[in-house]
Amino acid sequence: MIFRQKYTRLHNGQKVKAGDTVSFVDSDGQTQTGEIMYGLRDDPKKLYFWNSRFDIESYQNAWLVR
């Protein structure tokens, strides 16, 4: 691999990297929590959260859990 994404930013501007825990409230009002990971088949160089087909910035109400 030539380049692997090291970090990205959430919609609110918080900087996250692989292994960070992030939460968001889904359309049913439930809080969902997951880990920032590298894609497997889609793009192993790109970070994703919850659904690899969406950009991390797409989760407008996501926040970093410490």
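**A sheet, a patch and a polar contact**

Val25, Trp63 and Val65 together make a nonpolar surface patch of about 210 Å². (A patch takes residues with over 30% relative accessible area and no salt bridge, joining nonpolar side chains within 5 Å.) Keep in mind that this is a predicted model, where local features need pLDDT of at least 70 and side-chain atom pairs count only at pLDDT 80 or more, while totals for chains, interfaces and linings use all residues. Residues are numbered from 1 along each chain as its sequence is written, and side-chain values use heavy atoms, with hydrogens and water left out.

Let's stay with Val65 for a moment. Valine 65 sits in strand 7 (strands are DSSP runs of E, at least two residues, numbered from the N terminus). It is partly exposed, at a relative accessible area of 33%; the label covers what lies between buried, under 20%, and exposed, over 50%, with a 1.4 Å probe and protein chains only.

Three strands form an open, antiparallel sheet in the order 4-3-7, with strand 4 (31–35) and strand 7 (63–65) at the edges, each pairing on one side only. From one strand to the next, the twist averages 35 degrees (axes are lines fitted to C-alpha atoms, and angles between N-to-C directions run from 0 to 180 degrees). Strand 3 (residues 21–25) meets strand 7 over three antiparallel bridges; pairing takes at least two bridges found by DSSP. Here serine 23 stands opposite tryptophan 63 of strand 7.

Over in strand 1 (residues 7–9) is threonine 8. Threonine 8 counts as buried because its relative accessibility is 8%. Its side chain joins that of glutamate 57 through a polar contact of 2.9 Å (a pair of N or O atoms within 3.5 Å, one able to donate a hydrogen and the other to accept it; residues adjacent in sequence count only if both atoms are side-chain atoms).

Key:
Helices (H or I, at least four residues) and strands (E, at least two) are DSSP runs, numbered from the N terminus. Patches are made of residues with over 30% relative accessible area and no salt bridge: like charges are joined within 9 Å, nonpolar side chains (Val, Leu, Ile, Met, Phe, Trp, Tyr) within 5 Å. Accessible areas come from the Shrake-Rupley method with a 1.4 Å probe; for residues, only the protein chains shown count as cover. A salt bridge is a side-chain nitrogen of Lys or Arg within 4 Å of a carboxyl oxygen of Asp or Glu.
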